[in-house]
Amino acid sequence: MATLGIPQNTIAVLQKYNFNIQKRFGQNFLIDTTVLERIIGAAQITKEDCVLEIGPGLGTMTQYLAERAREVMAVEIDRNLIPILEDTLSAYDNVTVINEDILKVDIGALAAEKNGGRPIKVVANLPYYITTPIIMGLFESHVPLQSITVMVQKEVADRMQVGPGTKDYGALSLAVQYYAKPEIVANVPPNCFIPRPNVGSAVIRLTRYEQPPVQVQDEKFMFALIRASFNQRRKTLVNGLTGAPELHLTKEQVATALEQIGVSVQIRGEALTLAQFAALSDALKPC
Ligand code: SAM
């Protein structure tokens, strides 16, 4: 089977199977070998690696992964792609295609079965409509992970990487940066895909920390504070957090905690660093 990253070969496969591209599954197939090489290079795949690919599509990146990794698990929701993948991946005996919704797969169990519970690498050209639940699901379920190297919408890649004081800074930035070191490794224009997406794309590598960069007593409570702060982005933290019914906080409690961690009671959540959110969380919820 010819390399699919070349546009004519991708078009030939789509025609051979008379494949109906599904917008609702975020199907934008990569047709640029330079971008494919960049993704694989950034993921630093070796023959030791067990890789999870989310949404293999026609098998374009899967072919590259199968050449370089020891083992590839590819989870694809669209059952019409399964016979195509059998064809495009027929040369490889180290790929397992799983016809499932990635949000319903027990990835921890899969990693245990295929990699003895050792950390896996995730590599994907993600379906953009579920980028955040996929990334957060991988981190929060504590699947053993080395890194996540993924194509996402450019704006989402920016949000994962920025710090306080920028308009893109938010709950996703803080969550990603608590679990991993983010690095944008390439910007990718719409003409690298069939069909072309309406937005620019970027490849981002998230390298999982062994230990989070900040210590916090109650991780869940800190993330509840973070979510509440950015739900009420334009309000001061004192007003935003006391307006969040699930937190049961009074203005006095929030003001005292802010004073305790040494920041102004007028501050907004968007100005707080991850370390300050951790300190605020500990101040509001002492063990
Ligand atoms: N990897 C291919 C490529 O680069 O050409 C396809 C990438 S395309 C952007 C996203 C892929 O994810 C599609 O094949 C789509 O069917 C699949 N997909 C969408 N939602 C999914 C889900 N919930 N679980 C698993 N795969 C999904």
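These legends describe close-up views of a predicted model with its ligand and pockets.

**View 1. The shell around the ligand.** The ligand has 22 residues around it, and G55, E76, D101, N125 and Y129 come nearest. By class, 12 of the shell residues are nonpolar, six are polar and four are charged. Strand 1 (29–30) and strand 3 (71–76) each give the shell at least two residues.

View 2. The side chain of Q27 places an N or O atom 2.9 Å from an oxygen atom of the ligand. A polar side-chain atom of D101 is 2.9 Å from a ligand nitrogen atom. At P56 the backbone takes part: one of its polar atoms lies 3.4 Å from a nitrogen atom of the ligand. Alone, the ligand would expose 600 Å², and the protein buries 99% of that area.

**View 3. The largest pocket.** The ligand takes up the space of this pocket. Its volume is about 630 Å³. The lining has 36 residues, with F25, G26, Q27, N28 and P127 closest to the pocket centre. Strand 1, strand 2 (50–54), helix 3 (60–68) and strand 3 each give two or more residues to this lining. The lining divides into 21 nonpolar, nine polar and six charged residues.

**View 4. The second largest pocket.** This pocket holds about 160 Å³ of space. Of its 13 lining residues, I102, V105, I107, G137 and L138 are closest to the centre. Helix 5 (107–115) and helix 6 (131–140) each supply at least two lining residues. Helix 6 gives the largest share, four residues. By class, the lining has nine nonpolar, three polar and one charged residues.

Conventions: Residues are numbered from 1 along each chain as its sequence is written. This is a predicted model: local features need pLDDT of at least 70, side-chain atom pairs count only at pLDDT 80 or more; totals for chains, interfaces and linings use all residues. Side-chain values use heavy atoms; hydrogens and water are left out. A residue is near a molecule or strand if one of its heavy atoms lies within 4 Å of it. A polar contact is a pair of N or O atoms within 3.5 Å; within protein, one must be able to donate a hydrogen and the other to accept it, and residues adjacent in sequence count only if both atoms are side-chain atoms. Accessible areas come from the Shrake-Rupley method with a 1.4 Å probe; for residues, only the protein chains shown count as cover. On a 1 Å grid over the protein atoms alone, a cavity is a set of points where a 1.4 Å probe fits but cannot get out, and a pocket is an open set with protein on both sides within 12 Å along at least five of seven lines; lining residues have an atom within 4 Å of a point. A molecule sits in a cavity or pocket if more than half of its atoms lie within 2 Å of its grid points. Ala, Val, Leu, Ile, Met, Phe, Trp, Tyr, Cys and Pro count as nonpolar, Asp, Glu, Lys and Arg as charged, and the others, Gly among them, as polar. Grid points are joined across faces, edges and corners, and a volume is the space filled by probe spheres set on the points.
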